[in-house]
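Open the model in your viewer and keep the selection tool at hand. This tour goes from the whole chain down to single residues.

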Amino acid sequence: ISSIIYSIDPIIRQRTPSKMKVRALILTVAAIANSAFAQDYQDYADGYEQDNLYQDYAMKQQEKGGGGGGGLVKSIGAFGISYLIGAKVHSGRISKKMKTKHLKDQKTLYTQYYNDVYRLEEQKAEQQAVIEQLQAALA
């Protein structure tokens, strides 16, 4: 049926009131024909009737008393647990970043300290050599 509509559609493309009515009529006929060809699934039921599983379940739940409840408590609990897990993960990431930063800063500080001590030892050795030369010149 849809192939008939698509084959007729280029003919009806021009939008005049009479052609629009024809198009609406064709679409209506196609819809009616489609519903006439639709099958009733009861033909395939073979004696099976619709079950009442959900209705039975709902009645048992009502007999138990109430409908579960505790939804707000569960939501707050889930939020709290997810918040704690997220905080643990993010704090772990930040602590790892801070450790690497502090290790880098500590390395540069130790390097600077080592270089300063080395220069002081060199200056001390040079001053000792100058002192020895001056004492030799005076004696």
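**Start with the whole chain**

Colour the chain by confidence. The average pLDDT (the predictor's confidence in each residue, from 0 to 100) is 81, and 72% of the residues score at least 70. This is a predicted model, in which local features need pLDDT of at least 70, side-chain atom pairs count only at pLDDT 80 or more, and totals for chains, interfaces and linings use all residues. Residues are numbered from 1 along each chain as its sequence is written, and side-chain values use heavy atoms, without hydrogens and water.

Switch to cartoon. The chain has four helices and zero strands. Helices (H or I, at least four residues) and strands (E, at least two) are DSSP runs, numbered from the N terminus. From that end the order is α-α-α-α.

Now show the surface. The accessible area is about 13400 Å², and 61% of it belongs to carbon and sulfur atoms. Such areas come from the Shrake-Rupley method with a 1.4 Å probe; for residues, only the protein chains shown count as cover. Of the 139 residues, 3% count as buried. Buried means under 20% relative accessible area, exposed over 50%, and partly exposed in between (1.4 Å probe, protein chains only).

**Select the helices**

Select residues 2–12. This is helix α1, where confidence is lowest, at a mean of 53.

Go to residues 53–64, helix α3. Its end C-alpha atoms are 17 Å apart, which agrees with the 16 Å that its 12 residues should span. The expected span is 1.5 Å times one less than the number of residues.

Next take residues 71–138, helix α4. Confidence is highest here, at 93. Helix α4 reaches 98 Å from its first C-alpha to its last, close to the 100 Å expected for 68 residues. The number buried is zero, so helix α4 lies largely in the open.

**Zoom in on helix α4**

Pick Phe-79, Tyr-83 and Leu-84. They form a nonpolar surface patch with about 400 Å² of accessible area together. Patches are made of residues with over 30% relative accessible area and no salt bridge: like charges are joined within 9 Å, nonpolar side chains (Val, Leu, Ile, Met, Phe, Trp, Tyr) within 5 Å. Tyr-83 lies in helix α4 and is exposed, at 54%.

Where is the one salt bridge? Select Asp-116 and Arg-119: their closest N and O atoms are 3.2 Å apart. A salt bridge is a side-chain nitrogen of Lys or Arg within 4 Å of a carboxyl oxygen of Asp or Glu. Both residues lie in helix α4, three residues apart. Asp-116 is partly exposed at 33%, and so is Arg-119 at 48%.
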